[in-house]
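These are my notebook entries on a structure that I am looking at for the first time. I wrote down each thing that I looked up, with the cut-offs beside it.

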Amino acid sequence: AVMDVTAHPDSLLTKALKLNPIVYVIEGFRDAFLSREWFFQDVWWSLYFWGVTLLVLGVGAMLHLQFKDRFMDYL
(Lines give C-alpha, C1' and ligand atoms only; values in the text may rest on other atoms or scores of the structure.)
Protein backbone atom coordinates (compact mmCIF):
# COMPACT_ATOMS: atom_id res chain seq x y z
CA ALA A 1 0.00 0.00 0.00
CA VAL A 2 1.22 3.48 -0.87
CA MET A 3 1.25 6.03 1.95
CA ASP A 4 0.07 9.53 1.15
CA VAL A 5 2.43 11.84 3.05
CA THR A 6 -0.35 14.40 3.48
CA ALA A 7 -2.75 11.92 5.13
CA HIS A 8 -1.14 12.19 8.59
CA PRO A 9 0.76 15.50 8.63
CA ASP A 10 1.75 15.31 12.33
CA SER A 11 3.26 11.82 12.14
CA LEU A 12 7.00 11.48 12.74
CA LEU A 13 7.20 9.13 9.75
CA THR A 14 5.52 11.73 7.54
CA LYS A 15 7.95 14.43 8.66
CA ALA A 16 10.91 12.13 7.97
CA LEU A 17 9.59 11.18 4.52
CA LYS A 18 9.07 14.82 3.57
CA LEU A 19 12.82 15.45 3.97
CA ASN A 20 13.31 13.52 0.73
CA PRO A 21 13.30 16.10 -2.10
CA ILE A 22 11.59 13.60 -4.44
CA VAL A 23 8.43 14.12 -2.36
CA TYR A 24 8.25 17.61 -3.89
CA VAL A 25 8.20 16.12 -7.39
CA ILE A 26 5.64 13.44 -6.52
CA GLU A 27 3.35 15.88 -4.72
CA GLY A 28 3.70 18.26 -7.68
CA PHE A 29 2.45 15.56 -10.04
CA ARG A 30 -0.40 14.73 -7.67
CA ASP A 31 -1.36 18.38 -7.39
CA ALA A 32 -1.23 18.83 -11.17
CA PHE A 33 -3.28 15.76 -12.05
CA LEU A 34 -5.78 16.07 -9.19
CA SER A 35 -6.16 19.87 -9.56
CA ARG A 36 -5.35 20.59 -5.93
CA GLU A 37 -2.97 23.54 -6.37
CA TRP A 38 -0.04 24.73 -8.45
CA PHE A 39 3.37 23.30 -7.62
CA PHE A 40 4.92 26.75 -7.10
CA GLN A 41 2.35 27.95 -4.54
CA ASP A 42 4.31 26.38 -1.70
CA VAL A 43 7.45 28.50 -1.86
CA TRP A 44 9.21 26.82 1.08
CA TRP A 45 9.16 23.37 -0.56
CA SER A 46 10.31 24.84 -3.88
CA LEU A 47 13.29 26.49 -2.18
CA TYR A 48 14.08 23.32 -0.21
CA PHE A 49 13.95 21.13 -3.34
CA TRP A 50 16.15 23.41 -5.42
CA GLY A 51 18.52 23.99 -2.50
CA VAL A 52 19.08 20.26 -2.00
CA THR A 53 19.34 19.73 -5.76
CA LEU A 54 21.97 22.46 -6.18
CA LEU A 55 23.86 21.22 -3.11
CA VAL A 56 24.07 17.69 -4.53
CA LEU A 57 25.08 19.08 -7.93
CA GLY A 58 27.79 21.23 -6.35
CA VAL A 59 29.21 18.39 -4.27
CA GLY A 60 29.15 16.07 -7.29
CA ALA A 61 30.89 18.63 -9.50
CA MET A 62 33.52 19.27 -6.84
CA LEU A 63 34.21 15.55 -6.40
CA HIS A 64 34.35 15.09 -10.16
CA LEU A 65 36.94 17.83 -10.55
CA GLN A 66 38.95 16.46 -7.63
CA PHE A 67 39.04 12.87 -8.91
CA LYS A 68 38.86 13.28 -12.71
CA ASP A 69 42.47 12.22 -13.28
CA ARG A 70 41.93 8.96 -11.33
CA PHE A 71 38.34 8.31 -12.43
CA MET A 72 39.17 5.39 -14.72
CA ASP A 73 41.14 3.74 -11.89
CA TYR A 74 37.99 3.67 -9.74
CA LEU A 75 35.88 2.09 -12.46
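I began with D69, which counts as exposed at 64% relative accessibility (buried means under 20% relative accessible area, exposed over 50% and partly exposed in between, with a 1.4 Å probe and protein chains only). The side chain of D69 meets that of R70 in a salt bridge, 3.9 Å from N to O, and R70 is partly exposed with a relative accessible area of 36%. For a salt bridge I required a side-chain nitrogen of Lys or Arg within 4 Å of a carboxyl oxygen of Asp or Glu.

I noted what I was working with: this is a predicted model, in which local features need pLDDT of at least 70 and side-chain atom pairs count only at pLDDT 80 or more, while totals for chains, interfaces and linings use all residues. Residues are numbered from 1 along each chain as its sequence is written, and side-chain values use heavy atoms, with hydrogens and water left out.

How many salt bridges does the rule give? The count comes to two, and I next looked up the one between R30 and E27, where the closest N and O atoms are 3.1 Å apart. Both residues lie in helix α2, three residues apart, or about one turn of the helix (helices are DSSP runs of H or I with at least four residues, strands are runs of E with at least two, and both are numbered from the N terminus). R30 is partly exposed, with a relative accessible area of 24%, whereas E27 counts as buried at 13%.

I stayed in helix α2 for D31, which counts as buried because its relative accessibility is 10%. Leaving aside residues up to four places away in sequence, I found that D31 touches R36 and E37, a contact being heavy atoms within 4.5 Å.

I then searched the whole structure for aromatic pairs and found four (ring centres of Phe, Tyr and Trp, the last by its six-membered ring, within 6.5 Å; planes under 30 degrees apart are stacked, over 60 edge-to-face and the rest tilted). F29 and F33 form a stacked pair, 6.1 Å centre to centre with 15° between the planes. They are separated by about one helical turn because they stand four residues apart in helix α2, residues 22-34. F29 is exposed at 51% relative accessibility, and F33 is exposed at 66%.

F49 and W50 form an edge-to-face pair, 5.0 Å centre to centre with 75° between the planes; F49 is buried at 12% relative accessibility, while W50 is partly exposed at 49%.

Which residues form a nonpolar patch on the surface? I listed I22, V25, I26, F29, F33 and L34, with about 620 Å² of accessible area together. Such patches take residues with over 30% relative accessible area and no salt bridge, joining nonpolar side chains (Val, Leu, Ile, Met, Phe, Trp, Tyr) within 5 Å and like charges within 9 Å, and the areas come from the Shrake-Rupley method with a 1.4 Å probe, where for residues only the protein chains shown count as cover.
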